[in-house]
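Please open the sequence and the structure side by side before reading on.

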Amino acid sequence: MTAPDLSHDAFLGGRLRLYQPRIGYRAGVDAVLLAASVDAHPDQSVLELGCGAGAAILCLGARVPGLQLTGLEVQDRYAALARRNALENDIALNVVTGDLAVMPDQIAQHRFDHVIANPPYFDRNASKAALDPGREAALGEVTPLALWLRVASRRTAPGGYVHMIHRAERLPDLLAHAATHLGSIEVLPLAPRTGRPATLVLICGRKGGRAAFRLHAPWVLHAGDTHDGDRENYTERTAQILRHGAALPLGA
């Protein structure tokens, strides 16, 4: 991609700046929230399945220094952007170009303390495909959700964690597939406003975990009952995550 095709966007209040396509898939708050939910510690290893231009895994790397970060991305141009973004933000990230359905050897030979993913949200049997191929690859489900969870579990070390963000209506599928491979499953609904139904969910499961299932109270993203003008109105807790790199522990 050439410079006119790219934007240079601030994340975490400017602590992280990422090149993204002006037309195509562009990461938003979902990636930041996913990264914030990972309770990682220095020297642990993290794999992101479908890392795109690197928003989620680089947000995590900016918050927790010293992680061993690996990203898998099927689209060459997004993998190249992830490498560029990691270099320009001085965050060590190994980006592998490949398909999770045919896992490259350099990833298949390893297991990770945390595996994270923001799988495509939309079942194209019930929705319309995006015109841009890059955006469609990120949003239209081609690889079944069951495979995302199976591969994530296989790449997770014993006692490690799988973290995903997805649309709330896919929670039954997420739980059904996650329960086959993981234990100690927790779900945090993400609601746009107080009293509104959740539109997204964060889900976390542990490899070999035995704790009871936990459904947390919804996390409210925006303050007030309605949108009151052309300005951001995130709750203070959400703003701390998006602008200052705070963590989003599932038990909060």
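Helix α6 (residues 145–154) packs against helix α7 (residues 171–181) at an angle of about 30°, and their axes are 9 Å apart; here axes are lines fitted to C-alpha atoms, for helices over the stretch in contact, and angles run from 0 to 180 degrees between N-to-C directions. The two helices, α6 and α7, are therefore roughly parallel to each other, given that angles under 35 degrees count as roughly parallel, over 145 as roughly antiparallel, 65 to 115 as roughly perpendicular and the rest as oblique. On the α6 side the contact is made by Leu145, Ala146, Leu149, Arg150 and Ser153, and on the α7 side by Asp173, Leu174, His177, Ala178 and His181, where contact means heavy atoms within 4.5 Å. By class, this contact of α6 with α7 has five nonpolar, three polar and two charged residues; Ala, Val, Leu, Ile, Met, Phe, Trp, Tyr, Cys and Pro count as nonpolar, Asp, Glu, Lys and Arg as charged, and the others, Gly among them, as polar.

This is a predicted model, in which local features need pLDDT of at least 70 and side-chain atom pairs count only at pLDDT 80 or more, while totals for chains, interfaces and linings use all residues. Residues are numbered from 1 along each chain as its sequence is written, and side-chain values use heavy atoms, with hydrogens and water left out.

Helix α1 (residues 29–36) and α2 pack at an angle of about 45°, with their axes 8 Å apart, and that makes α1 oblique to α2. Ala31, Val32, Leu34, Ala35 and Ala36 of α1 make the contact with Ala55, Ala56, Cys59, Leu60 and Arg63 of α2, and these residues divide into nine nonpolar, no polar and one charged. Eight of the nine residues of helix α2 (residues 55–63) are buried, so α2 is largely enclosed by the rest of the structure; buried means under 20% relative accessible area, exposed over 50%, and partly exposed in between (1.4 Å probe, protein chains only). Among the buried residues of α2 are Ala55, Ala56, Cys59 and Leu60.

What of the strands? Five of the six residues of strand β6 (residues 112–117) are buried, so β6 too is largely enclosed by the rest of the structure. Strand β3 (residues 45–49) pairs with β6 in the parallel sense over four bridges, two strands being paired if DSSP finds at least two bridges between them, and Glu48 stands opposite Ile116 in β6. With strand β7 (residues 156–167), β6 pairs in the parallel sense over five bridges, and here Ala117 stands opposite Met164 in β7.

Asp90, in the loop between α3 (76–88) and β5 (93–97), has a phi near 55°, a positive value in a residue other than glycine, and at 73% relative accessibility Asp90 counts as exposed. Ser184, found in strand β8 (residues 183–191), has a phi near 50°, also a positive value in a residue other than glycine, but Ser184 is buried, with a relative accessible area of 16%.

For the chain as a whole, the secondary structure comes to eight helices and 11 strands, where helices (H or I, at least four residues) and strands (E, at least two) are DSSP runs, numbered from the N terminus. Of its 252 residues, 51% count as buried.
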